[in-house]
Amino acid sequence: MPIFSAPDGTRLAFHLRGEGEPLVVLPGGPMRASAYLGDLGGLDAHRQLVLLDLRGTGESEKPADPGTYRCDRLVDDVEALRRHLGLERMDVLAHSAGGSLAMLYAARYPERLGRLALVTATPWALGLPATAADRLAAARLRASEPWFPDAFPAFEAWLDGTGDFDPVFLPFFHGRWDDTARAHADREETETNDEAADVYGGDGAYDPATTRSALARVRTPVLVLAGEADGGPSPALARRAADAFPAAEFAVQPGAGHYPWLDDPQGFTRRVAAFFS
């Protein structure tokens with residue numbers, strides 16, 4: 001398992017899958033170990049995946065200063081990885097909350113970025129949070145599924161603050177609620193650093209106006225991929241995020257939730273591999 005040092009000396013780990021040209025992968029969660037990404041539906045057959053464990057997650061060391069879990073402060077960890085890999089420019093794929101980290105990296109180091117894929121990326125860095133209305137609208141698309149009658153009231157209560165998080169509504173985050181999705185969801189608690197997640201989007205992490213201004217000058221090709229059944233972000237919200245980039249293409253994976261490589265591995269891999277080819 002390769003190890004490198006962040007600028008503050010924190011020892012960070014990354015995992016290699018496949019062979020070929022490196023593709024740096026930033027996980028979401030926020031602050032979930034990169035293990036949940038697996039091989040991204042077989043994308044490792046097309047590129048060598050460089051799966052970063054953000055500080056305090058997976059095999060990476062916990063920092064001396066917990067304040068460095070904040071999203072904007074993680075940008076220099078990503079840049080340290082690029083230097084460690086010896087890449088003049090690097091291609092990046094970011095999932096979910098990792099999308100905001102990728103946006104901040106693109107804004108700060110545009111000359112170091114090759115191509116960027118934002119997969120069901122949460123655009124907090126642009127001041128675009130997913131709303132309860134977005135999530136409920138996506139949830140209603142699943143009304144014909146047998147688990148819906150039990151899951152929807154619990155989901156609605158959680159979103160309006162009258163109920164706690166309940167595993168009964170985990171199917172809403174997946175386009176297909178099967179054994180693969182269940183196993184994936186079951187690992188989330190043990191793979192996530194909750195303390196770090198609380199800091200990730202804390203006060204000062206984002207400056208949407210400054211980020212938008214910087215991204216408007218980024219000419220690198222960008223793919224923004226949304227899941228048709230995802231509520232966070234919904235396809236409409238993901239399209240608004242794509243508008244922040246001058247050279248972005250927008251796509252929706254049919255039937256996909258927040259983890260599109262689980263819902264249709266071949267469709268996901270075909271679309272993303274074509275973008276990076």
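Residues are numbered from 1 along each chain as its sequence is written. In this predicted model, local features need pLDDT of at least 70, side-chain atom pairs count only at pLDDT 80 or more, totals for chains, interfaces and linings use all residues, and side-chain values use heavy atoms, with hydrogens and water left out.

**Exercise 1. State how E1, E2, E4 and E3 pair.**

- Step 1. E1 and E2 (residues 11–17) run antiparallel, joined by three bridges. Ile3 has Ala13 in E2 as its bridge partner.
- Step 2. These two strands form a hairpin with five residues between them. Gly9 in the turn has a positive phi of about 95 degrees.
- Step 3. Five bridges pair E2 with E4 in the antiparallel sense. Here His15 stands opposite Leu51 in E4.
- Step 4. E3 (residues 22–26) and E4 (residues 48–53) run parallel, with four bridges. Val24 faces Val50 in E4.

**Exercise 2. Describe how H1 and H2 cross.**

Axes are lines fitted to C-alpha atoms, for helices over the stretch in contact, and angles run from 0 to 180 degrees between N-to-C directions.

- Step 1. The axes of H1 (residues 71–85) and H2 (residues 98–108) come within 9 Å and cross at roughly 70 degrees.
- Step 2. H1 is therefore roughly perpendicular to H2 (65 to 115 degrees).
- Step 3. Contact means heavy atoms within 4.5 Å. Among the residues that meet are Cys71, Leu74 and Arg82 in H1, and Leu101, Leu104 and Arg108 in H2.

**Exercise 3. Is H2 mostly covered or mostly uncovered?**

Buried means under 20% relative accessible area, with a 1.4 Å probe and protein chains only.

- Step 1. Nine of the eleven residues of H2 are buried, so the helix is mostly covered.
- Step 2. The buried residues include Gly98, Ser100, Met103 and Tyr105.
- Step 3. The buried residues of H2 pack against E3, H1, E5, E6, H7 (194–200) and H8 (208–215).

Notes: Angles under 35 degrees count as roughly parallel, over 145 as roughly antiparallel, 65 to 115 as roughly perpendicular and the rest as oblique. Two strands pair if DSSP finds at least two bridges between them. Buried means under 20% relative accessible area, exposed over 50%, partly exposed in between (1.4 Å probe, protein chains only).
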